[in-house]
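Hi,

Here is the structure we talked about. Please open it and follow along with the notes below.

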Amino acid sequence: MNTAGDIRIIPLGGLGEIGMNGLLVEHAGRLLAVDCGVMFPAEPRLGVDLIHSSFQWPASRAADVDALLITHGHEDHMGAVPFFLDEIDAPVFAGDIPSDLIRRRLSEYRPDRQPVIHGLQDGVPFRAGGFRIEPVAMPHSAPDNFGFLIEAGGRRIFITGDFKLDACRPGAAEGMQQRLSALRPIDLLMTDSTGVFEEAPAGDEASVEASLGHICTQAPGRVFVTLFASNLRRMEGLARIARRTGRRIVLSGRSVHTHFSLLRDKRCGDAFDDLLVGEDRIDDIPDDGLLVILSGTQAEGRSAFGRLAAGTHGKFGVRRGDTVVLSSRFIPGNELTIRQAVNRLLSDGAAVFHPDNRPGVHVSGHGSRGEIRAVMESLAPAAVLPVHGTVEHLQAVAALAAELEIPSVVARDGQVVVLCDGGPVLSDDVIDCGAVYRDQSLQVLDGTVRRERMRLSCRGFVHVTALLTRPGDPLADVTSGGVFCEESRVAEEQALRHRVMELLATNGEEPGKILEERLILEVKRMLRQDVERRPLVTVRLMGNEAD
């Protein structure tokens, strides 16, 4: 049974998968939301473009939600904010650049909505309902990145968000650890798990800029680079490389356009404006004078890089002499899709560099195993709850905590963790936080739509149109997709049409609805018997007899 001082942690996403991070902290009937991310399918399955957690449960208690805290501006932490605010009218607290990103995203998705967004200052605490929150600037590849010290009911929780101690300025990592030590005592540490399998620190952005610069200098033709666009420092580094190597810059993909605009507004002004050219002018630039920056690091089907690799970009394609650089990590689960993209690019004659064959082209923004350990040692928490990772990642962090003799609990999305006097325990309560699927227009694809699309993609369809104008003299037409091979399609549809007309000619006075159901069953039987297929079958009856 919960007591007055207990805190409940309700993970909505990111505990069991890489992406769509988000959770709720509950105390005394009040809720605090932390992060609200999305996940992108590696392939455009069934027309799904992005996935986020369901907000049905917090929406049922919308009046209890005191605030939404955003750690940083990566899509897997803030991409679903517009959908959250659709259902829950809560103030948002975020750093400068994430706040700007949220406003831009809302202006595209819901222009009439003006959310209340408060800025964050490192070390300056504030209150949201019954929660006291202190933002703590954490080093990461995204700017304005914060962890949060949350206090309620006499208990203290620290959420790291994403972090990488090695991203500190030279010599500053020790100071960061001292800063974390000053936050003690910590009852529960919720730490990023993403980099737990990396034994050594990844390195710094300066080394990546040097590696990318060398590639651009040596490349004989056009250079295409895909990267996480929210890494503004790397984007700025690419602009400097373009300046040094005499290349013009083409931006391709909504995300790189958005973040290059942010880079211009927040960091470098108009310093690189003279280098920018539109996608439609790519053929006007000499091959050795072009640098194309693309979104879509995981080769997602509709992304700029995914379309480039598939040869369906529309504005340009890859040819012999081009160089393609994947300046990004392969997110677990996406490896096969990315490898297929790389193979297609190589087949088209491009030189392709990625972290496996040229490690210097990317460094992770996530702390290695040693950095996660250092954070644990600095904070000396009473217990650990690993977040941001697959089950394997979460269990590896729990094992690391055990080496330091720190108890831990491993939870999955929807499993409620109660922080009580004895430490964190898994509750019997499970919250329904199933995934929400959206298409390119950001409309929700419910279970019925996805099931129908799955049936169509796996089995194909046959549609029968019948005109019942005169008794005994029906007309029928058959169309199909994904059922017959191209060579036999016309003949198979013609044969099926004759069979349908024979059946209709023997029809008595059956009402239209009954006749329609009978036709569906008969057509299904014919297809099973003749071609051993089970497609989706639909029938439309027209004419007086169909009434």
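**Salt bridges and a helix**

At 23% relative accessibility, E522 counts as partly exposed. This is a predicted model. E522 forms a salt bridge with R525, and their closest N and O atoms are 3.1 Å apart. R525 is partly exposed too, at 33% relative accessibility. Both sit in helix α15 (residues 512–530), three residues apart, so about one helical turn separates them.

The structure holds 37 salt bridges. Take R30 and D66: their closest N and O atoms are 2.6 Å apart. R30 lies in strand β4 and D66 in strand β7, so this pair ties together parts that are 36 residues apart in sequence. R30 is partly exposed, at 28% relative accessibility. D66 is buried, at 14%.

Now look at D322 and R222. They form a salt bridge, with the closest N and O atoms 2.6 Å apart. D322 is in the loop between α9 and β19, R222 is in the loop between α6 and β15, and the two are 100 residues apart. Both D322 and R222 are buried.

Next, helix α10. It covers residues 335–347 and reaches 18 Å from its first C-alpha to its last. Which of its residues are buried? They are T337, I338, A341, V342 and L345. Seen down the axis of α10, they fall within an arc of 135°, so they line one face of the helix. They pack against α9, β19 and β20. The face turned away from the buried side carries the exposed residues L336 and S347. Just after α10, G349 takes a positive phi of about 100°.

Last, the surface. L467, L475 and M542 make a nonpolar patch of about 230 Å².

Best wishes

Notes: Residues numbered from 1 in each chain as written. Predicted model: local features only at pLDDT ≥ 70, side-chain atom pairs only at ≥ 80, totals over all residues. Heavy atoms only, no water. Patch = residues over 30% accessible without salt bridge, like charges linked within 9 Å, V, L, I, M, F, W, Y side chains within 5 Å. Areas by Shrake-Rupley, 256 points an atom, 1.4 Å probe, with all protein chains shown as cover. Salt bridge = Lys/Arg side-chain N within 4 Å of Asp/Glu carboxyl O. Helix = DSSP H or I, 4+ residues; strand = E, 2+ residues; numbered from the N terminus. Expected span 1.5 Å × (residues − 1). Buried < 20%, exposed > 50% of the residue type's maximum accessible area, 1.4 Å probe, protein only. Arc of directions from axis to C-beta. Contact = heavy atoms within 4.5 Å.
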